[in-house]
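Dear colleague,

Please find below the sequence and structure that I am handing over to you.

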Amino acid sequence: FRSRRTIEMRSLFTLIFALFGVSLAANRPNIVFIITDDQDVKLNSLEVQPKLHSMMIEQGMFFKNAFVTHPVCCPSRSSTLTGKYTHNHRTYENNVGRGCNAQSWRDLNEEKTIGAYMTKAGYRTGFFGKYLNNYAEKGSGVNASHVPAGWAKWFGLVGNSKYYHYSVSNDGVEEVHGSDYEKDYFTDVIKRQATDFIQDVSTNHSGTPFFMYVSTPAPHRPATPAPQYNNTFANRTAPRTPSYHFEAKDKHWIISEGTPSMTNQTMEIVDQLCRQRWETLLSVQDLVEEVLMSLQKAGFMDNTFIFYNSDHGYHLGQFNQQGEKRQPYDEDIRVPLIVRGPGVSKNVSTEMIALNIDLLPTFLDLAGSTIPEDVDGQSLKSILMTEQKAEKWRSDFLVEYFGEGNPCMVQMDPQIFRHDCHNNTFVAIRSLQSGNNTMYAEFFPTDSAPVDLSQSNFQEFYDIDKDYWQTKNLYAAKAVGPEVIAKMKDRLKQYVGCSGKSCDMT
């Protein structure tokens, strides 16, 4: 028989370990990730969100050089969810046939997303908003009853961004929404869902850290503003940058031959789209405000990191391309990234490169969890905590894009604007270092994946220190040395074949 003292000692150790576990859970930070849809940073969309400045930028760190590795929704979101480049998660385009919420996505990635990892790390997880473009739509192989692995609370939009007349999966039960602003405006609906989640954690899961992923439809088309914000920017126009309405005959096919010059009518269409995009972002800053207020009320604010980001940028008339993304230029790949939280200095900025593939490893690092070896991105934790330049950090990165739509034909109606086609497939190296602020891209005639670098049929090179708006293709002008191009080609070869640790080329 065990002695009474032995039993008492074991009971004491059990209690100590239990309390130690509670202490660890209490000390691990909560993480809130807010991601918008199609929000640019280079065309100044943040300037129309003054409350976002006071609530986030002035309270945390702004990443001046935040980018995505793929400038369109589903592949970029797949990179955010997995921490991987497109050639590794294999969601190449926005359609099911090319991996977007296809069975291949579920087989390869769904159990290896941030939700699944944070759940394994002991976090209570919640997802609210747009997931992947074809989630639960016909042809995807699943319906709204499918809840992706790793989400304790799931409120996922069926299909692509909408503001009214949509369906959601509410923990696997389909809800159909209509056109009543008070009940159905999607940005506000997910705002209420997010604040309810915070209250539920506070009431029913005390001591458990939480991870919340909030994904707004704004400012994606149809860019429908809330009624109180309609016409707020009625007298504004899209930014007239040096590249706006610019005839770029030295660029790849879709811009040099597939994009007609804008008319007064199409310029007004772009202006109206810009105004509506900005107006939808006013509801987003309301969402951020309500989430922060809920965190404060629940007593979570001092132990919560809040991230604000977008899935890619946007262009509005640059090179005559009406409102879209899908190009390798900075308008489309630069994004806002703002972080506030415990240990992050207020009102500071950093020039270190941050990518969407860095978010998953950053969240896991902040949670004290192990970063999987097959993740391509790097944790931003050391940058957030010190404000200092990391001793070793990337100076360049890969951008991938696979053209969607029909094969392109040179013979076409000159009045038809094409935002994409198969020969808009490219891989690019974006470099940011002293004396080398450049972009080099190679284009391909088809959307075959993975790319075969030997099939490249067009090249572009820009010195962005001298040409901020990327209006002069130095490759076409034969104004860049062969040794520079050889170095870029070698770098592309390294990146398009990288995986996990081999993608860290510091």
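The second largest pocket has a volume of about 280 Å³ in this model, which is predicted. Its lining is made up of 18 residues, and those closest to its centre are Gln433, Asn436, Thr438, Lys487 and Met488. Four elements each give at least two residues to this lining: the strands β12, β13 (436-444) and β14 (458-463), together with the helix α14 (482-496). The largest share comes from α14, which supplies six residues. Sorted by class, the lining of the second largest pocket holds seven charged, seven polar and four nonpolar residues.

I now turn to the largest pocket. The space in the largest pocket amounts to about 370 Å³. Its lining consists of 15 residues, and Asn65, Glu351, Met352, Leu432 and Gln433 lie nearest its centre. Two or more lining residues come from each of β2 (61-67), β10 (348-355) and β12 (425-433). Of these elements, β10 gives the largest share, with three residues. The classes in the lining of the largest pocket are six charged, five polar and four nonpolar residues.

Yours sincerely,
A colleague

Definitions and conventions:
Residues numbered from 1 in each chain as written. Predicted model: local features only at pLDDT ≥ 70, side-chain atom pairs only at ≥ 80, totals over all residues. Heavy atoms only, no water. 1 Å grid on protein atoms, 1.4 Å probe; cavity = no way out; pocket = protein on both sides within 12 Å on 5 of 7 lines; lining within 4 Å. Points joined across faces, edges and corners; volume = space filled by probe spheres on them. Nonpolar A, V, L, I, M, F, W, Y, C, P; charged D, E, K, R; others polar.
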